[in-house]
Amino acid sequence: MLVDVEKTLRAHALLAAHYGPRAWRGRRDPLDELIMTILSQNTSDRNSGRAYTALRQRFPNWEELLDAPTSEVYAAIKPAGLGNIKAPRIQQTLRSIQERTGELSLDHLDALPLEQARAWLLALDGIGPKTAACVLMFALGRPALPVDTHVHRVSLRLGLIGPRVSAEKAHALLEAALPAEAVYPFHLNLIQHGRLICHARAPECGRCPVVEICVYAAQ
């Protein structure tokens, strides 16, 4: 089994009932979202938020950042960690976008079908399915499902996906198992569930709203 569609829908219903409705936060600029997501890799939301704020204060527009010494970009994003990797990656990403579109903008993705927009983002060096899905979902309002460590862990424990399904493969499998309108709340609910109850260590199964369908708890 790669994905259990029936159980995925059941998990969505149970989590939605427990955590309540998820109001759409509104669209963001897709290029801003892309840079924010790169900064968020392998760090906390707090640290990546600090780094993004510092980056925009130092470089009010992306053109200035593209032409800046990489050392200055590194200094601005140091709170996010892995700055020696992320600073050149951000500049290379911006350079690739400018070469492909003639400008520093991802607004053209809004006119593309979902899979074409996803493929365009994945063609950028260093951009994987999670980052692409974040841009598509949070900036463009598309039903693309980002799978982070929480989403992957909870999905594995519940048995929504097979035990050998990687996070990278889980994106397409879980996304296809859900109706479009369920993708956004499902993503947010699994993250919240992973943070509050289904911890990486010592999950609190005794107060879990999806324990009745959980493979991990039944062991």
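1. A charge is taken to sit over a ring if NZ of Lys or CZ of Arg is within 6 Å of the ring centre and within 35 degrees of the ring normal. In this predicted model, the charged end of Arg 56 sits over the ring of Trp 62, at 3.9 Å from the ring centre. The charged end of Arg 157 likewise sits over a ring, that of Tyr 216, at 4.6 Å from its centre.

2. Arg 56 counts as partly exposed, because its relative accessibility is 21%, and the cut-off for buried is under 20%.

3. Eight salt bridges are found in the whole structure, and one of them joins the side chains of Arg 10 and Glu 212 at 3.0 Å, N to O. Arg 10 is partly exposed, at 39% relative accessible area, whereas Glu 212, at 56%, counts as exposed.

4. Are Glu 175 and Arg 118, which also form a salt bridge, buried or exposed? Glu 175 is buried, with a relative accessible area of 13%, and Arg 118, at 13% relative accessibility, counts as buried too. Salt bridges that share partners join Glu 115, Arg 118 and Glu 175 into one network. Within it, the closest N and O atoms of Glu 175 and Arg 118 are 2.6 Å apart, and because Glu 175 lies in helix 10 (residues 167-177) and Arg 118 in helix 7 (residues 114-122), the pair ties together parts 57 residues apart in sequence.

5. The largest nonpolar core has 37 residues, of which Leu 31, Leu 34, Leu 39, Leu 55, Trp 62, Leu 94 and Leu 121 touch the most other members. Two or more residues of this core come from each of helix 2, helix 3, helix 4 (62-67), helix 5 (70-77), helix 6 (83-101), helix 7 and helix 8 (129-139). Setting aside residues up to four places away in sequence, Leu 94 touches Leu 31, Ile 35, Trp 62, Leu 65, Leu 66 and Leu 104. Another core, of 31 residues, lies apart from it and includes Val 147, Leu 160, Leu 174 and Leu 178.

6. Three aromatic pairs are present, and one of them, between Phe 138 and Tyr 184, is edge-to-face, with 6.3 Å from centre to centre and 70° between the planes. Phe 138 is in helix 8 and Tyr 184 in helix 11, 46 residues apart, so that distant parts of the chain are linked. Both residues of this pair, Phe 138 and Tyr 184, are buried, and together with Trp 24 they form one aromatic cluster.

7. His 193, in helix 11 (residues 180-196), counts as buried because its relative accessibility is 1%. Its side chain makes a polar contact of 2.8 Å with that of Tyr 19. Beyond neighbours within four places in sequence, the residues in contact with His 193 are Leu 15, Tyr 19, Val 154, Cys 198, Cys 208, Pro 209 and Val 210.

Note on methods. Residues are numbered from 1 along each chain as its sequence is written. This is a predicted model: local features need pLDDT of at least 70, side-chain atom pairs count only at pLDDT 80 or more; totals for chains, interfaces and linings use all residues. Side-chain values use heavy atoms; hydrogens and water are left out. Helices (H or I, at least four residues) and strands (E, at least two) are DSSP runs, numbered from the N terminus. Buried means under 20% relative accessible area, exposed over 50%, partly exposed in between (1.4 Å probe, protein chains only). A polar contact is a pair of N or O atoms within 3.5 Å; within protein, one must be able to donate a hydrogen and the other to accept it, and residues adjacent in sequence count only if both atoms are side-chain atoms. Contact means heavy atoms within 4.5 Å. A salt bridge is a side-chain nitrogen of Lys or Arg within 4 Å of a carboxyl oxygen of Asp or Glu. A nonpolar core is a set of buried Ala, Val, Leu, Ile, Met, Phe, Trp, Tyr and Cys residues joined through side-chain atoms within 4.5 Å. Rings of Phe, Tyr and Trp (its six-membered ring) pair if their centres lie within 6.5 Å; planes under 30 degrees apart count as stacked, over 60 as edge-to-face and the rest as tilted.
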